[in-house]
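Biologist: I'm new to this one. Can you put it up and walk me through a few parts?

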Amino acid sequence: MEAHSWMKGGFLFFISCVCFSMGVIAQNGNSSVVNIGGLFTFNSVIGRSISPAILAAVEDVNSDITILKNRKINVIVQDTNCSGFIGTVEAMQLVGTDIVAALGPLSSGVAHVISHVVNELHVPLVSFATDPSLTSLQYPYFIRGIPNDHFQMYAIADLVEYFEWREVTAVFVDDDNGRNGISILGDALSKNRGKIAYKAAFTPGASKSDIDNLLVEMNLMESRVFVVHVNPDTGLNIFSVAKRLGMMSKSYVWITTDWLASLLDSTDTIDPQTADLLQGVISLRHHTPDSDLKTRFTSRWGKIKNKETSKFNSFALYAYDSVWLVARALDTFFNGGGNVSFSDDPNLQDIKGSALHLTSLRIFNEGPKLLQILTSTNFTGVTGQIQYDSDKNLIHPAFDILNIGGTGSRRIGYWSNHSGLSIVPPETLYSRPSNLSNRDQRLYSVLWPGETTVKPRGWVFPNNGKPLRIAVPYRITYPDVVTRDKGSLGARGYCIDVFEAAVLLLPYPVPHVYVMYGDGKRNPSFGNLVNDVAANKYDAGVGDLTITTNRTRIVDFTQPFMESGLVVVAPVKEVKSKPWSFLMPFTWQMWAVTGSFFLFVGTVVWILEHRTNTEFRGSPRQQLVTVFWFSFSTMFFAHRENTVSALGRLVLILWLFVVLIINSSYTASLTSILTVQQLTSRIQGIDTLIAGTEPIGIQDGSFAYNYLVNELNIAESRLRVLKTQDEYVRALQQGPSNGGVAAVVDELPYVELFLASTKCQFSIVGREFTKSGWGFAFQRDSPLAVDLSTAILQLSENGELQRIHDKWLSRNGCSVQTNPIDDNRLSLKSFWGLFLICGIACFLALVVFFCRVCWQFSRYSTHGEPHNVEAPEPTTPSRRTLRTPSFKDLMVFVDKKEADIKEAIRRKSGEHSKRHPSQVLDRPSS
């Protein structure tokens, strides 16, 4: 009976449209009426909003004298009746009425069919179908009158990333619109390393029992984030069943596409029973900015007759603008001289006896021109700016993000393809550069299901009765690390105890079972184990799994619970003291520079002290001995010569400081060499192995094999796989000349156990040349990896991790590591700063000294006696010839005592004054 009343209302609506069009024809004639088709389901949530909006738009267009002038538009509508077949038939009838454009449909299936028809007949189709697979490339005459679901799915993906979830469960109707929309959601999530963990699809018109079975299956899954993409007419059934199953409580997250907002916006208030079903749900709604046009439309809505809803949803606004879009395009079309004409399609012919009348489908000759005008039209409507991009999608798609709570909903933010998530209306951001940075995304607080504001974790351990299948390496060597056990767990060792202790710290139970990986005859390949976890053969891998770059690309590791790295183990021998051990603390370069500086500083001090200090004067032989004695006696601070000049004392103080540092360093290094046991090996580290050609041993199953070959370019022929610790010992003792190996490359934890078990017959040479650690491996984006990492950190902080280590791996380790003598020798690079400072001080002191000497020499030469006096010639008047002072004179001057020089200058200055008294008398008046 209810369905009948809805059909009756739709029929009355259809009659009203026809009557309206007949009236227009009577007044203006056929040439003044332009037919537009309308195709949608009358008896639906969206259809009940679209119908009055189209009527209002047609009335407003026809009453506006500024558009279409003497022409009127006539909308011919057809009811698809929620049926793909009926919708297709109705669409075929509609395009046979010589329409120039069509509005609708809502159904993705009908839109796909009718798009083929309008492409053939050149009739532009302004559709309200949001299916992302409807593209202008496949359907050139398809124009979307509402934002594409492509953007809505990316908005949901941004929401999932904002709340730091990785997996969602998609609930959708198994039709074109549902499947294609969820496919886009999967693509959007994958860009942020998210994914759809489970796709829960149900058939259109599914019963509550079918939905009940589907939700029960969903509830057994790990993800607790549900994205619901259905139609508004039956969507509430999902929440009704979810409420009954207890799936609207804490820890659950429900996100819906725009269908829920379309349903709620169509009523004045939310029914209390409905509101109770939706508490904490997040829903998207098409964003339409507030404007005067929108306000006037809202007021106009109350005056529309024959409407079945007291309020409208966003589809009504887009339908209203779509009519105006077609009207403005037609106005431009007619103003440009366009005429409406149709022609028969030669590809369509009626079949004898058929009642389809395919010849009634005629081609709109001016369709391409009208299509071009439609896609280039730009105006402001009730939904904001109406303009299309190159894909015939509306520009600036945006959504309101709503949170259902109490008896209504509140907006917690917006999303747009320009600015992402924001609490600022998108239209205010379009004038700024696009900013999709994660750090700028923001929303208001959310009330989640269960009336909590605490963000749900988004996942739980699956309650499907299936324990985690954990692969454990069946080790032969180093069984204390991890190996098989006959107990209830099936495995034992350090790694197992760490994992079990970490699981106990989780706030939820994790049922698991250990599956031994390997045949028990040799160590398994740890790389293959990780690959099998990535391939979903196992849920996780627990053991001494080294975290490497390549492995992190396919699985997620926990926080390392053991530090590790590759080292080199080689045979060593003890270094005995030698007669020349006292020379070992310094390198030969250091000895050479130190000795040179002793002589250099001694010479500088002699130069600075020679003119003023009698202890630095004497015969040449005596002065040479003084320089050598003074130079090297400063090494022991035993010099007996006193320094009297300021420059000499400055240089000596700095040099004695340098000598103090050198003596202290020499003493410490020599003490270490003579008292600490030194071990040496002809293998100095990994560099020695890379440069050589001798065989290298590695542990069976270790990642070191690939590392040495791929990263260090060591030939595979040089590598020897060692399966047991006995093989380690035998290979190292035999050496490369007897079929053994020169050294073994292995991880540090194994090496420490090996050295302890062999009573330190061998030693680590060189330094650890890689840094890594052991972790537990999980499949990509597994939330268990994050929670277990936190648990491992707690074990480390409370000391439990160290206790487990001491239980399994604590040994009387070898504290002696090979330390080549050259590594302990002090080189010039440790002291060049001191030598530089001392050298600069000596240079500056010499510069000051020689400047002072030159100044004294110039005064001495000016006031002194002529150096040579030539005999006067008899034929000429007597005269003196003065010789210019030579370098020899300067050296003689430098060798004189400074006190004698000062006295001579003072005496000769007085004599000069007596010889030339007139100059002395004239000097004051000058």
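**Helices, a sheet and the whole chain**

Modeller: Start with helix 3 (residues 84-95) and helix 4 (residues 108-121): their axes come within 9 Å and cross at roughly 20 degrees. Axes are lines fitted to C-alpha atoms, for helices over the stretch in contact, and angles run from 0 to 180 degrees between N-to-C directions. This is a predicted model, where local features need pLDDT of at least 70, side-chain atom pairs count only at pLDDT 80 or more, and totals for chains, interfaces and linings use all residues. Residues are numbered from 1 along each chain as its sequence is written, and side-chain values use heavy atoms, with hydrogens and water left out.

Biologist: Which residues in helix 3 and helix 4 meet?

Modeller: G84, G87, T88, A91, M92 and V95 in helix 3 meet V110, V113, I114, V117, V118 and L121 in helix 4. Contact means heavy atoms within 4.5 Å.

Biologist: What do we call a helix or a strand here?

Modeller: Both are DSSP runs, numbered from the N terminus: helices are H or I with at least four residues, strands are E with at least two.

Biologist: New topic. What is the strand order in the open sheet?

Modeller: The five strands run 29-28-30-25-31, with mixed pairing. Two strands pair if DSSP finds at least two bridges between them.

Biologist: Which strands stand at the edges?

Modeller: Strand 29 (719-722) and strand 31 (762-765) do. Each has a single partner strand, so one side of each is left without a neighbour in the sheet.

Biologist: How many bridges join strand 28 to strand 30?

Modeller: Three, and these strands run parallel. One detail: I698 has V745 in strand 30 as its bridge partner.

Biologist: What lies across strand 30?

Modeller: Helix 23 (residues 748-757) does, at about 125 degrees to strand 30. Helix 23 also lies across strand 25 (566-571), strand 28 and strand 31.

Biologist: Is helix 14 mostly covered or mostly open, then?

Modeller: Mostly covered: nine of the eleven residues in helix 14 (residues 494-504) are buried. Among them are Y494, F499 and E500. Buried means under 20% relative accessible area, exposed over 50%, partly exposed in between (1.4 Å probe, protein chains only).

Biologist: And what share of the whole protein chain is buried?

Modeller: Buried residues make up 49% of its 926 residues. The protein chain has 30 helices and 32 strands.
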